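Subject: Structure handover

Hello,

Here is the structure I promised to pass on. Please open it alongside this message.

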Amino acid sequence: MLLRKLVLLKRSIFRLLFIIIILLIAVIISIYPPFSVQRVTLDYTSPFSRRDSPQVTSLPFPIPKNYLLIPYKEFVLRTSIACRMFKFEYPQKNPLALHPKYSKYLNGTFRFVIPSKKISYDDIEQFYTDLSSPKYENQEFVPTHTSFASDLTFKNVPYVYKNGMWQPIEVRSFQRTAILVPLQGRDYNAKVFLLNLHAFFRRQLLTYKIFIIEQIYPQNKFNKGRLYNTAFNYIRNRSSLNITCYVLHDVDLIPDDDSNYYTCETKNPKHTTSRIRQLIKAQYVKYYEFLIGGVLILTYDHYKALNGFSNLYWGWGGEDDDLALRVVQQRMCIIRPPAEAAIYSALPHQRGQRNSQRFDLLTWSTIRMHTDGLSNIENLTNIEEIKVLTTVTHLKVNVDVINDAGRSKRTSSAPLERTKTTTLETLFLLKKKDT
Ligand code: BGC
């Protein structure tokens with residue numbers, strides 16, 4: 001009897017010990033996980049507490065189970081967003097729908113013109129109107145001495161302004177291209193851009209139209225995403241232009257090589273700003289692999305699939321990284337031209353105010369992409385003035401109509417509305433493939 005009791009007691013002790021050991025192992029695994037999942041303590045101040053957030057109530061907290069949390073900076077430095085297997089869409093040489101590759105006016109690399117600071121939009125208008133006048137017909141070069149530049153050596157490519165677009169006279173272009181250039185306070189850059197880029201587009205025999213999209217309100221915080229979305233809406237509603245390709249272009253970047261073709265590839269967007277040099281330094285610099293800012297060329301279908309840019313980025317930086325995350329989320333990749341062609345010079349300008357919230361916003365980028373972007377731009381902005389020249393259509397945009405009602409009550413130096421900066425390491429969400 002006693003022996004039986006002893007045996008039972010021993011078994012119980014063993015069971016207890018077994019349970020304790022299992023518990024210990026579980027505790028150790030939870031503290032030092034044997035797999036490489038990053039442990040994250042969420043001390044997160046939601047960027048969605050902003051007044052203009054469309055999605056305050058449907059935040060995905062806690063983080064959905066099928067999402068991996070990855071440090072954003074690690075991701076952008078290590079991940080390639082470039083398409084690996086693709087063919088450029090160079091059609092056969094066809095004079096009735098000419099691809100820029102076959103233009104006889106291409107120069108390779110070229111020197112661009114830095115005009116005097118006094119140059120005006122009207123000067124540029126006058127210059128290109130003169131160039132397209134019949135008196136210069138059949139003249140290859142028009143050496144022009146103007147009040148704003150002394151050594152212009154532009155090739156006079158025969159061009160005509162017709163139905164709102166510049167078109168080459170000799171051929172029909174492969175695509176119809178809108179160039180969108182957001183602007184706030186960099187007027188001189190805009191003029192240098194216009195003077196040089198018209199010549200560049202003509203050497204490529206593009207049918208094109210340039211839009212400057214200037215933010216006139218608010219004056220103290222820039223929202224590039226809203227400007228692009230507004231311009232897309234504007235152009236979409238002008239179906240007679242029949243635009244087939246959109247170029248999103250920073251105002252301070254001048255392409256340095258004519259074989260950087262400003263054409264859309266139909267399957268994926270194209271990023272052409274692989275290397276940039278500052279005017280004062282001769283060296284070209286490559287930024288990070290994930291960058292799609294600077295110059296991005298895409299179709300309306302691409303832009304729509306991405307729901308355009310987020311409307312939530314105020315100040316300098318982040319909106320292009322957000323778009324890159326949307327590209328990944330939509331299972332697209334980015335086409336890049338050959339490295340030797342994708343080079344730019346950057347014009348000098350004052351640096352804009354950095355957006356200190358951009359990494360917070362990037363964290364939840366892909367979750368809100370379908371409700372924040374082109375789809376809700378109409379309620380947020382208003383084009384207050386449109387100035388049409390042949391060399392540029394200038395849209396002046398109020399990008400914050402919701403808060404404009406109280407404009408007169410506020411002082412002009414009203415501070416940027418900010419949410420508290422998070423202590424959480426910058427993260428973004430990569431949706432795990434369903435396994
Ligand atoms: C910003 C981007 C910018 C890039 C290159 C990044 O830190 O978030 O908006 O295009 O730097 O200057």
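Below is what was found in it, starting with the whole chain and moving to single elements.

Please keep in mind that this is a predicted model.

**The chain overall**

The chain has 435 residues, and 51% of them count as buried. Its secondary structure comes to 10 helices and 15 strands. Take the contacts between residues at least 6 apart in sequence: 80% of these join residues at least 24 apart.

**Helices α3 and α4**

Look at α3 (residues 121-131) and α4 (residues 187-203). Their axes come within 10 Å and cross at roughly 15 degrees. Angles under 35 degrees count as roughly parallel, and α3 and α4 are therefore roughly parallel to each other. The crossing of α3 past α4 is right-handed.

Which residues make the contact? From α3 come Tyr 121, Ile 124, Phe 127 and Tyr 128. From α4 come Asp 187, Ala 190, Lys 191, Leu 194, Leu 195, His 198, Ala 199 and Arg 202. By type, the contact residues divide into 8 nonpolar, 1 polar and 3 charged.

**Helix α5**

Next is α5, residues 224-236. At 1.5 Å a residue, its 13 residues should span 18 Å. The end C-alpha atoms are 18 Å apart, so the span agrees.

α5 is mostly covered, with 12 of its 13 residues buried. The buried set is Lys 224, Gly 225, Arg 226, Leu 227, Tyr 228, Asn 229, Thr 230, Ala 231, Phe 232, Asn 233, Tyr 234 and Ile 235.

**Helix α7**

α7 spans residues 319-329 and is also mostly covered. Here 10 of the 11 residues are buried. Among them are the charged residues Glu 319, Asp 320, Asp 321, Asp 322 and Arg 326. Leu 323, Ala 324, Leu 325, Val 327 and Gln 329 are buried too. Just after α7, Arg 331 takes a positive phi of about 55 degrees.

**Val 171**

Val 171 is found between β3 (165-168) and β4 (176-183). Is Val 171 buried or exposed? Its relative accessible area is 17%. Buried means under 20%, so Val 171 is buried.

What does Val 171 touch, leaving out residues up to four places away in sequence? Its partners are Pro 95, Leu 98 and Leu 205. Val 171 and Leu 205 are 34 residues apart in sequence. In space they are 7.9 Å apart, C-alpha to C-alpha.

Best wishes

Methods. Residues are numbered from 1 along each chain as its sequence is written. This is a predicted model: local features need pLDDT of at least 70, side-chain atom pairs count only at pLDDT 80 or more; totals for chains, interfaces and linings use all residues. Side-chain values use heavy atoms; hydrogens and water are left out. Buried means under 20% relative accessible area, exposed over 50%, partly exposed in between (1.4 Å probe, protein chains only). Helices (H or I, at least four residues) and strands (E, at least two) are DSSP runs, numbered from the N terminus. Axes are lines fitted to C-alpha atoms, for helices over the stretch in contact, and angles run from 0 to 180 degrees between N-to-C directions. Angles under 35 degrees count as roughly parallel, over 145 as roughly antiparallel, 65 to 115 as roughly perpendicular and the rest as oblique. A crossing is left-handed if the near helix is turned anticlockwise from the far one by less than a right angle, and right-handed if clockwise. Contact means heavy atoms within 4.5 Å. The expected span of a helix is 1.5 Å times one less than its number of residues.
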